[in-house]
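Please read the following with the model open beside the text.

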Amino acid sequence: MSRRAAPGAPLLRVGGLVVEAATGGGAVRRIVDGLDLDLHPGEVTALVGRSGSGKTLTARSLIGLAPRGVLARGSALLDTGDGAPVDLLALSRRRLRAVRGARVGAVFQEAQAGLNPTVRVGGHFTETLAAHGVPRSERRAAGAAALARVGLVPSTGLWTAYPFELSGGQAQRVAIALATVLAPRLLIADEITSALDAVTRAEVLDLLRGQTVAAGCALLLVTHDLDVAGRWADRIAVLDGGRIVEHGRAAALLAAPAHPFTRALVGGDEGAGA
Ligand SMILES: Nc1ncnc2c1ncn2[C@@H]1O[C@H](COP(=O)(O)OP(=O)(O)OP(=O)(O)O)[C@@H](O)[C@H]1O
C-alpha cells in the first residue's frame with residue numbers, strides 16, 4: 001500500500017469537532033463548536049485565531065492529548081497509508097498511543113518542558129524507538145539521522161546531554177527531531193517558535209516546512225502570528241467562536257480576507273470581532 005494519499009484526498013479530515021471543558025458541578029463550557037478542517041499531504045496549514053480561541057485545545061484534542069476534564073467528539077480521519085483511514089477520536093488510548101509517534105508527531109511551545117529533565121537526549125530517542133518496536137541495534141543511527149535532519153550535529157556530546165544543557169533553539173530542534181524520528185504522516189506544531197529569536201525561528205520553520213514537503217506529510221502549524229502563517233503556511237484556517245470562519249490559500253486569504261474577524265486579524269486588531 002502506498003504511503004501517499006490519493007491525489008487531492010486530505011491526509012486528515014476533521015469533521016464536526018466539538019471540544020468541551022468541565023467547569024465544575026456537572027456544567028461544561030463549549031470551546032470548539034463543530035470544527036471542520038482538511039489537512040493535505042505535503043502542505044502546511046496554519047490554524048490562527050486570537051488568544052483563547054481554542055487553537056491549542058483543538059490541536060491537543062485531535063491527538064488525544066487534551067488536558068483532564070476536556071472532552072472531544074466528532075471525527076478526525078487520518079490516512080495512515082496502511083489501508084482505511086483511522087478515526088483518531090474513536091481509537092482506544094492504547095491504539096492512539098501507538099499511532100502517536102509512529103503516524104502522528106507533536107511539538108509544543110515549551111520544548112524544554114516536553115523533554116524529561118532526567119533523561120539524556122539520546123535516551124529520549126531510544127525510549128521512543130523502543131516503544132515502537134525499532135530494534136536496539138538501529139536506534140542510535142535512527143536518532144542521529146533525525147538530529148542531523150534538523151541541523152544538529154549528532155555528536156556524543158549532544159547524545160549524552162541533559163535537556164537543561166540545551167539552548168532554547170537546540171531543545172526545539174531536539175523536540176522536532178524526536179517528533180519526526182518515526183516519519184509521521186501528520187505533525188502538529190503548537191506555537192513552537194514563540195520563544196525563539198527571529199533567526200532561529202526562521203530556521204526551525206524552514207526546516208519543518210522542508211520536511212513536510214519532502215515527506216508528503218501534513219503539518220498543522222498552530223500560531224497566533226499571521227506573519228508566520230503567511231510566510232510558512234500553504235493554507236490558513238481562521239478559528240473564531242469555536243469554528244473555522246475562513247479557510248483558504250494563505251496568500252489569497254491574507255490579500256483579501258473575507259470574514260470580518262480575519263480582516264480584523266490582518267489589520268492587527270486582535271480585539272475586534274470579540
Ligand atoms: N484544561 C482546561 N480546562 C478548561 N478550560 C480550558 C483548559 N485549557 C484551556 N481552557 C480554555 O479554553 C479556551 C481555549 O484555550 P486554548 O489554550 O485552546 O486557546 P488558544 O487559542 O490556544 O490560546 P493561546 O493563543 O493564548 O494559546 C480558553 O478560554 C481557555 O481558558
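What follows is a walk through the model, one region at a time.

This is a predicted model, in which local features need pLDDT of at least 70 and side-chain atom pairs count only at pLDDT 80 or more, while totals for chains, interfaces and linings use all residues. Residues are numbered from 1 along each chain as its sequence is written. The mean pLDDT (the predictor's confidence in each residue, from 0 to 100) of the protein chain is 89, and 95% of its residues reach 70 or more. The scores are ipTM 0.95 and pTM 0.89.

Helices (H or I, at least four residues) and strands (E, at least two) are DSSP runs, numbered from the N terminus. Two strands pair if DSSP finds at least two bridges between them. An open sheet is formed by four strands in the order S2-S1-S4-S5, with antiparallel pairing. S2 and strand S5 (86-87) are at the edges with a single partner strand each, so one side of each has no neighbour in the sheet. Strand S1 (residues 12-24) and strand S2 (residues 27-39) are joined by ten bridges, and Val 18 has Asp 33 in S2 as its bridge partner. Two residues lie between the strands in the hairpin of S1 and S2, where Gly 25 takes a positive phi near 65 degrees. At the other end of the order, two bridges join strand S4 (residues 70-78) to S5, and Leu 77 stands opposite Asp 87.

Next comes strand S3. A residue is buried if 20 or more other C-beta atoms lie within 10 Å of its own, exposed if 12 or fewer, and partly exposed in between, with C-beta atoms placed from the backbone. Six of the six residues of S3 (residues 43-48) are buried, so this strand is largely enclosed by the rest of the structure. In a regular strand the side chains alternate between the two faces of the sheet. Here Glu 43, Thr 45 and Leu 47 point one way, and Val 44, Ala 46 and Val 48 point the other way. S3 runs parallel to strand S8 (residues 218-222), with five bridges, and Ala 46 has Leu 221 as its bridge partner there. S3 also runs parallel to strand S9 (residues 235-240), with four bridges; in S9, Ala 237 is the bridge partner of Leu 47.

The loop between helix H8 (198-215) and S8 holds Cys 217. Why does Cys 217 count as buried? It has 25 C-beta neighbours inside 10 Å. The C-alpha atoms of Cys 217 and Arg 185 are separated by 4.6 Å, although these residues are 32 residues apart along the chain. Leaving out residues up to four places away in sequence, Cys 217 touches Pro 41, Pro 184, Arg 185, Leu 186, Leu 187 and Thr 212, where contact means C-beta atoms, placed from the backbone, within 7 Å.

In helix H4 (residues 121-131), the buried residues are Val 121, His 124, Phe 125, Thr 128 and Leu 129. Seen down the axis of H4, they fall within an arc of 120 degrees, so they line one face of the helix; the arc is that of the directions from the helix axis to the C-beta atoms. Their cover includes helix H2 (93-102), helix H5 (136-149), helix H6 (156-159) and helix H7 (168-180).

Finally, the ligand is surrounded by 14 residues, the closest being Ala 21, Ser 51, Lys 55, Thr 56 and Leu 57; a residue is near a molecule if its C-beta atom, placed from the backbone, lies within 6 Å of it. Helix H1 (residues 55-62) gives the largest share of this shell, three residues.

Technical notes:
Contact = placed C-beta atoms within 7 Å.
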